[in-house]
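Here's a quick briefing on aromatic pairs and strand pairing. Have a look at the structure first, then read on.

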Amino acid sequence: MHRRNFIAASAAAVAAPALGFMSSARAAESGVTDTEIVLGHTGILSGPLGAPIKVVVAGAGLAFDAVNAQGGLSGRKIRLVSLDDELVPEKAVANYEKLLGEHHAFAFFGCVGSGTTAAAAKVLNQSGAPMVGGYAVSDSAREKVAGSGYFVRATFAREAQALVQHLTTIGVSRIAVAYLDNPGGAEVAKLVEAALSTLQLKPVAAVPVKGDGSANEASGKALADSKAQAVIMYLGGGIGGEVMKSAWAAGGRQMFYGMSIVPGDVTAKLVGDKTSGLAISQIVPYPWSEVDAGAREYRQQAERAKVDVGYLSYEGYVNALVMIEALRRTGRDLTRAKLHATLKAMKLRVNNMEIDFTGASNTGSRFIEMVRVTKEGKFLR
């Protein structure tokens with residue numbers, strides 16, 4: 001998928017020189033010129049987990065391209081530099097340093113992952129560069145970058161609570177969780193367990209799933225053997241669909257519910273007719289709304305740019321609108337310290353979402369909506 005503002009680069013990043021981005025006052029304001037604002041992004045862009053991240057970034061590109069087409073912000077155009085870290089913490093830290101030292105990023109946008117974000121906490125704090133709109137970042141990793149990171153999407157604790165409440169309300173008590181076998185996934189599994197414990201329930205199974213897809217069959221069988229009535233999934237890319245198929249092949253009859261990182265359209269292509277039993281907790285409003293002008297504008301831009309219309313690209317788009325508004329409110333005299341001050345005082349309504357960074361939390365939204373996925377990969381509210 002080609003985006004003008006999406007610069008793909010190798011994850012084999014090199015560290016910044018010893019006297020790099022942290023050594024001078026001038027470096028603290030790098031990435032801002034008379035004509036340009038440079039934003040840095042690091043995340044997994046390869047393998048089964050990389051495909052959805054590319055869609056999120058492409059959605060953000062729609063908003064950045066639109067403001068650039070209007071002359072930018074105070075005459076400055078936004079340029080996003082994106083590097084692949086393969087979701088490896090050491091590579092992510094090297095990417096953050098490279099983005100600061102070599103690409104002179106002024107701030108960070110849409111960075112991906114829990115372990116990767118937590119590992120970069122020291123780099124972020126020392127650089128003074130704000131990070132806005134992270135994707136798939138656990139609640140504990142958000143806490144580690146408090147003071148540096150501003151997250152738009154609701155917390156995973158809130159998603160877990162919403163899913164458990166929905167399931168127990170419809171009479172489901174035997175609930176399993178399938179999660180990515182990484183620090184963020186393990187934390188989400190504990191959040192689901194905590195949500196169940198408030199109702200004196202426990203997961204009937206907690207099944208880790210390898211991010212490379214190598215354990216899909218074994219994970220599916222473990223879920224089938226658990227005899228769960230429903231499975232809550234924290235699985236990105238096509239992994240969720242493959243695990244669902246494996247569970248059914250092993251004799252499982254459970255329903256599947258996804259957290260927001262589960263791409264419903266991708267899952268539908270893999271699962272086919274059985275997709276109609278899948279529900280997902282979404283953390284941005286319905287992208288196909290006909291009454292919301294912001295959603296209509298997003299779809300028009302996506303169709304012109306040939307970007308997939310859906311929750312993934314819409315989340316990137318909404319996050320970019322928040323980033324753009326923060327930069328706009330900070331004004332022409334743009335510094336990292338002033339951008340931090342703007343974000344900490346920021347309240348706004350964007351595309352039917354209330355965003356508020358003024359409280360103790362660095363998470364701006366509490367929005368959660370449950371939707372069902374059809375066999376054609378469409379979403380029903």
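Rings of Phe, Tyr and Trp (for Trp, the six-membered ring) count as a pair if their centres lie within 6.5 Å; planes under 30 degrees apart are stacked, over 60 edge-to-face, and the rest tilted. By that rule, a search of the whole structure turns up 12 aromatic pairs. Keep in mind that this is a predicted model: local features need pLDDT of at least 70, side-chain atom pairs count only at pLDDT 80 or more, and totals for chains, interfaces and linings use all residues. Residues are numbered from 1 along each chain as its sequence is written, and side-chain values use heavy atoms, with hydrogens and water left out.

**Aromatic pairs**
- Tyr150 and Phe357 sit edge-to-face, 5.7 Å centre to centre with 80° between the planes.
- Tyr150 is in strand β6 (residues 149-150) and Phe357 in the loop between β13 (353-356) and β14 (369-373), so the pair ties together parts 207 residues apart in sequence; strands are DSSP runs (E, at least two residues), numbered from the N terminus.
- Tyr150 counts as buried at 4% relative accessibility; buried means under 20% relative accessible area, with a 1.4 Å probe and protein chains only.
- Phe357 is buried too, at 4% relative accessibility.
- Trp248 and Phe256 also pair edge-to-face, at 5.6 Å centre to centre and 90° between the planes.
- Ring pairs link Tyr286, Trp288, Tyr311 and Phe379 into a cluster.

**Around β14**
- Strand β11 (residues 278-282) runs antiparallel to β14, joined by four bridges; strands pair if DSSP finds at least two bridges between them.
- Ile280 stands opposite Val371 in β14.
- Two bridges join β14 to the antiparallel strand β15 (residues 379-380), where Phe379 is the bridge partner of Val373.

Definitions and conventions. Buried < 20%, exposed > 50% of the residue type's maximum accessible area, 1.4 Å probe, protein only.
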